[in-house]
Amino acid sequence: MLDVILRFAVILAVFLLLPLIIGQTEHKVMAHMQSRLGPMYAGGFHGWAQLIADGVKFAQKEDVIPAAADRRIFMIAPGVALVPYLVVLIVIPIDKNGFGVNLDLGLFFVLAVMGIGVLGSIMAGWASANKYSVLGGMRSAAQLMSYELPLVLAASSVAMAAGTLSLPGILDQWQWWWLPWQAIGGVVFFLAGLAELRRPPFDMPIAESEIIMGPMTEYTGMRFALFMLAEYAGIVVLSFLTTVLFLGGWHGPLLAGWIWTLIKVFLLAFLVIWMRVSFPRLREDQLQKLAWVGLVPLALVQLALTGVVKVLL
Amino acid sequence: MDSYYGNYALVAALLLIGVAIVAGALMANRLLRPTRPTAEKLTTYECGVDPVGDGWAQSQIRYYVFTYLYVVFAVDAVFLFPWATVFAAPGYGMTTLVEMFVFLGFIALGILYAWRKRVLTWT
């Protein structure tokens with residue numbers, strides 16, 4: 001029992017702290033990449049308390065629910081967007097024995113539950129009774145449809161290589177030469193994951209210059225904060241998954257396993273931020289085309305490669 | 001707690017904790033926030049201008065075709081997972097590898113068809 005409580009405490013710490021750290025990193029990294037300072041005031045030293053100040057502000061703000069909105073769905077949508085990312089963390093191994101539970105079909109579970117997060121933004125888009133939000137919600141749905149397939153194919157390539165769906169089991173099988181072997185799948189998985197999180201350059205559903213803030217336009221205060229937290233928790237989950245599936249998770253020389261996992265996760269999170277700063281937003285049809293003409297065929301190539309190498313070696 | 005159902009009981013427990021976190025955050029918000037709704041405040045924000053017409057306006061959704069594509073491929077992809085765990089087991093090997101290429105061929109054909117039908121290019 002104590003063991004379970006300890007594991008849950010670690011999961012909650014990862015869920016509540018890492019998104020904040022990544023959010024603060026994003027403020028600063030974006031600022032430096034764009035040659036500006038970013039938040040400097042809150043907390044004194046380089047604005048480290050900016051997100052805490054934001055949280056305090058969000059907690060005190062009035063909760064405005066438009067009269068025209070579909071009230072009940074509008075109210076639960078942020079929860080639907082956030083909670084799946086917490087539940088997914090339970091199967092992700094941080095260290096050799098550092099996971100919540102070892103489900104036999106962990107990989108399948110992860111992909112299934114991650115898909116639910118997107119439902120939150122579709123629900124929000126529909127319930128807001130706002131034309132732009134509906135458009136944003138539809139775009140979220142389209143993006144989920146298009147990018148789920150390369151995501152699933154790339155992930156199943158790793159399952160083929162390891163011969164198991166359990167995430168700790170995959171890491172037990174992992175060898176260093178899987179890095180080049182699964183490299184294509186890794187890139188496909190990471191890009192498709194980014195698209196599912198609706199992060200720039202795949203942020204067509206929330207494109208603020210044309211559809212304001214998409215599904216989140218009508219949200220204020222705490223509910224908006226939950227959506228924001230869901231976005232950063234999504235980055236955490238995606239970075240963890242890519243680390244576990246394609247970068248060998250806790251494998252690494254010298255340092256302890258969980259430190260290696262965190263190093264890889266932070267490198268990937270940095271990459272997420274970097275891509276946001278570097279690339280312009282894709283247009284909706286370019287977005288779809290990238291998935292179907294680019295990522296799906298690449299994922300199929302990876303599947304063929306995995307199968308041939310695995311059977312012939 | 002290592003049993004099959006024990007594991008999923010833990011997943012359910014974490015789900016409940018997640019719901020509790022969201023509910024707790026919203027409760028804290030309820031205790032701390034002012035509530036002074038006015039008719040004007042409760043109109044839909046949209047883009048800052050007073051909304052015209054109903055929120056659920058009709059619009060043409062061009063990407064419904066992708067939904068069809070997705071359903072076709074996702075059903076295939078689900079079968080990949082149980083197959084992936086056993087395909088290299090002793091006694092399979094070459095046969096399953098050939099099967100895999102048949103599978104990949106089907107998916108590639110589907111995409112090729114969609115591409116020829118010009119689903120993927122719009123103007």
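**Notes on the A/B model**

1. Start with α12(A): its 29 residues reach 41 Å from first C-alpha to last, close to the 42 Å expected at 1.5 Å a residue (the expected span being 1.5 Å times one less than the number of residues). Helices here are DSSP runs of H or I, at least four residues, numbered from the N terminus. α12(A) also carries a kink of about 30°, centred on A:L290; the bend is the angle between axes fitted to the seven residues ending at a residue and the seven starting there.

2. Housekeeping: this is a predicted model, with local features needing pLDDT of at least 70 and side-chain atom pairs 80 or more, while totals for chains, interfaces and linings use all residues. Residues are numbered from 1 along each chain as written, with chains lettered from A and ligands numbered from 1 in written order.

3. On the interface, 63 residues of chain A are in contact with 55 of chain B (contact: C-beta atoms, placed from the backbone, within 7 Å). α5(A) gives the largest share of chain A's side, 15 residues.

4. Beyond its neighbours within four places in sequence, A:I92 is in contact with A:F99, A:L167, A:F240, A:L241 and A:V244.

Notes. Contact = placed C-beta atoms within 7 Å. Helix = DSSP H or I, 4+ residues; strand = E, 2+ residues; numbered from the N terminus.
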